[in-house]
Amino acid sequence: MSEAHYFFPPAAAYPLNRFLFALKSDGAARARYAADAGATLREFGLDEAARAALATFDRDRLVGLGAHPYLVFMAQVRLSMEREPATFEYF
Amino acid sequence: MPVVAAFALPHTPQLLVRPPTEDRALVLRVHAALAEVKRRLTAARPDVIALIGGDHIEGFFLNAVPALAVYVGARAAGEFGRYRYAFDVHEPLARALVEQGIEAGFDLAYSQDVPLDYAFYVPLHFAMPAPAVPIVPLYVNVYLPPQPTPARCYGWGRALRSIVDARPERVALVASGGLSHFPGTDRYASPDFDFDRALLASLAEGRGADTARLTGEELDKAGNVELRTWITLLGALGAARAEVLAYEPSWHHGNAVVAWPV
């Protein structure tokens, strides 16, 4: 089959996926990233290509590096919920 | 005790916390359908809701990827934005499902400590009966390939029904997920609503067993990886005919609210 939308996460992308998982699920990690992005990226052991893709949060580049598309999506949602809270309506 | 209610519900987080990109009127129509589910669930007087959900890489990460799992902790808790959720877990039923499921040949994982995913608390936010009842979270891996096959999910649903039928509790079975959507991919704005409509028509005719013959590739192509939770429920329901309470396709998501007679 052609590559699935949700493909097997390559082992080499584990640090990147672990970082996206932290951004998505861990408010403290999001706060550390907001306060000092460089130190947080080093803490997670991310290489230059991953750091560059994260700097612009470029989905296609991140996915190209092996990031799980869903993790990219929800990390971005959680970041925007904190950066622009007034635009969200809570039911 | 026979199953006392059966539903399949959406859980897209935009129903809970709406960004400006979402059509408010559509969101409110889905809420209305979920309010009808809450009314019916309350009338069914379940002792427990067994809730079949797909983990969004929230409870389980790449350190361990269970295909099928049962949460057997005392409480299940999760958070989204300013919402904090904590539900009592029905430990006797959870334990019976994992023990008897393994006896029946399903190598279930279990956990007593994973954060609850929004696949579980979004439907409960809107449809938990009043007064609230305990839950049993049942996990199906939908996002981390290789996922369990549709045939395996259907088979687990059949086994689940056999176990539940022999229990003393009044059990509501609820699947959470779908329908078509492609979060994080270049198909996000073009879900496969034709797949959804054909599926719902088929389920209304009681042809749930057909879903066991779908392939993982077909589900991925149709943006329906989460249908595995529905297929598990369908295994428990056999030839019951679905009643579609709502189908509301948004610009990125086929929101379906479906009931089955039990």
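Visitor: What makes the arrangement of strands in chain B an open sheet, and in what order do the strands stand?

Guide: In this predicted model, 8 strands of chain B form the sheet in the order 7-4-8-3-9-1-11-10, with mixed pairing. Two strands pair if DSSP finds at least two bridges between them. Strand 7 (109-111) and strand 10 (243-249) of chain B are the edges; each has a single partner strand, so one side of each is left without a neighbour in the sheet. On average, and with direction ignored, neighbouring strands are turned by 15° against each other. Such axes are lines fitted to C-alpha atoms, for helices over the stretch in contact, and angles run from 0 to 180 degrees between N-to-C directions.

Visitor: On what basis are the model's features and labels given?

Guide: Residues are numbered from 1 along each chain as its sequence is written, while chains are lettered from A and ligands numbered from 1 in the order in which they are written. As the model is predicted, local features need pLDDT of at least 70 and side-chain atom pairs count only at pLDDT 80 or more, whereas totals for chains, interfaces and linings use all residues.

Visitor: How many helices and strands does chain B have, and what counts as each?

Guide: Helices are DSSP runs of H or I with at least four residues, strands are runs of E with at least two, and both are numbered from the N terminus. Chain B has 7 helices and 11 strands.

Visitor: How do you know in which sense strand 1 of chain B pairs with strand 9 of chain B?

Guide: Strand 1 (residues 3-9) and strand 9 (residues 171-176) of chain B are joined by 6 bridges and pair in the parallel sense; Leu9(B) has Ser176(B) as its bridge partner in strand 9. With strand 11 (residues 254-260) of chain B, strand 1 has 3 bridges and runs antiparallel, and there Ala8(B) stands opposite Val258(B). Val244(B) also stands opposite Val258(B), as strand 10 and strand 11 of chain B pair in the antiparallel sense over 6 bridges.

Visitor: Is strand 1 of chain B mostly covered or mostly open, and what makes it that?

Guide: A residue is buried if 20 or more other C-beta atoms, placed from the backbone, lie within 10 Å of its own, exposed if 12 or fewer, and partly exposed in between. In strand 1 of chain B, 6 of the 7 residues are buried, and the strand is mostly covered. Across chain B, buried residues make up 53% of the 262 residues.

Visitor: What makes a group of residues a nonpolar core, and which members touch the most others?

Guide: The core is a set of buried Ala, Val, Leu, Ile, Met, Phe, Trp, Tyr and Cys residues joined through C-beta atoms within 7 Å. The largest has 109 residues, of which Ala50(B), Val70(B), Val136(B) and Leu233(B) touch the most other members. Helix 3 (residues 118-127) of chain B gives the largest share, 8 residues.

Visitor: Why is chain B called compact?

Guide: The radius of gyration is taken over C-alpha atoms, and the globule rule is 2.2 Å times the number of residues to the power 0.38. For 262 residues a compact globule would have a value near 18 Å, and chain B, with 17 Å, agrees.

Visitor: Which strands pair between chain A and chain B?

Guide: Strand 1 (residues 89-90) of chain A and strand 2 of chain B pair in the antiparallel sense over 2 bridges. Arg18(B) is the bridge partner of Glu89(A).
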